[in-house]
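This report describes selected features of one protein model. The sequence and structure are shown first, and the notes follow.

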Amino acid sequence: MGTTEKPPTMLSHGELPYPAGTLVEDTISERTGELVGLVEEHTKEGRKLIRQTAFLRPRGGGMEWEVPLARVRPVEAQP
């Protein structure tokens, strides 16, 4: 059985898709929180994007949690 080694990677802050503090929802868990940050994992060689992780915080404060960026969408403002 052959083993495939993961290429060396590095982490960096990514550009937020919405302004910091935007109320967003995790589309799988349906939890809502304010967008506070984004971390990207890239390969060291060629900087191929491996993963994007968003960091959310409950509105009003509390424990942050992380979620894949692909599962995050802005919450529509209630009229």
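Which backbone oxygen lies 2.9 Å from a polar atom of the side chain of Thr 43? The backbone oxygen of Glu 45 does.

## Basis of the model

This is a predicted model, in which local features need pLDDT of at least 70 and side-chain atom pairs count only at pLDDT 80 or more, while totals for chains, interfaces and linings use all residues. Residues are numbered from 1 along each chain as its sequence is written, and side-chain values use heavy atoms, with hydrogens and water left out.

Thr 43 belongs to strand β3, which covers residues 32–43. Strands here are DSSP runs of E with at least two residues, numbered from the N terminus. Thr 43 has a relative accessible area of 8% and is therefore buried. Buried means under 20% relative accessible area, exposed means over 50%, and partly exposed lies in between, using a 1.4 Å probe and protein chains only.

Apart from neighbours within four places in sequence, Thr 43 is in contact with Pro 7, Pro 8, Thr 9, Lys 48 and Ile 50. Contact means heavy atoms within 4.5 Å.

## Salt bridges

The whole structure holds six salt bridges. A salt bridge is a side-chain nitrogen of Lys or Arg within 4 Å of a carboxyl oxygen of Asp or Glu. Side chains of opposite charge can pair when their charged atoms come close.

One of the salt bridges joins Lys 6 and Glu 41, at 3.0 Å from N to O. Lys 6 is in the segment before β1 (9–13) and Glu 41 is in strand β3, so this pair links distant parts of the chain, 35 residues apart. Lys 6 is exposed, because its relative accessibility is 56%. Glu 41, with a relative accessible area of 8%, is buried. Lys 6 and Glu 41 also belong to a network of salt bridges that includes Arg 51.

## Two further bridges

Asp 26 and Arg 71 form another salt bridge, with their closest N and O atoms 2.7 Å apart. This pair also links distant parts of the chain: Asp 26 is in strand β2 (residues 23–26), and Arg 71 is in the loop between β5 (65–68) and β6 (72–74), 45 residues apart. Asp 26 is buried at 2% relative accessibility, whereas Arg 71 is partly exposed at 29%.

In the salt bridge between Glu 34 and Arg 57, the closest N and O atoms are 3.5 Å apart. Because Glu 34 lies in strand β3 and Arg 57 in strand β4 (residues 49–57), the pair ties together parts that are 23 residues apart in sequence. Glu 34 counts as buried at 15% relative accessibility, and Arg 57 counts as partly exposed at 29%.

## Leu 16 in its loop

Leu 16 is located in the loop between β1 and β2. Its relative accessibility is 26%, so Leu 16 counts as partly exposed. Beyond neighbours within four places in sequence, Leu 16 is in contact with Leu 35, Gly 37 and Leu 38. Leu 16 and Leu 69 are 53 residues apart in sequence, and their C-alpha atoms are 9.7 Å apart in space.

## Strands β4 and β5

β4 and β5 pair in the antiparallel sense over four bridges. Two strands pair if DSSP finds at least two bridges between them. Leu 56 stands opposite Trp 65 in β5.

In a regular strand the side chains alternate between the two faces of the sheet.

Definitions and conventions. A polar contact is a pair of N or O atoms within 3.5 Å; within protein, one must be able to donate a hydrogen and the other to accept it, and residues adjacent in sequence count only if both atoms are side-chain atoms.
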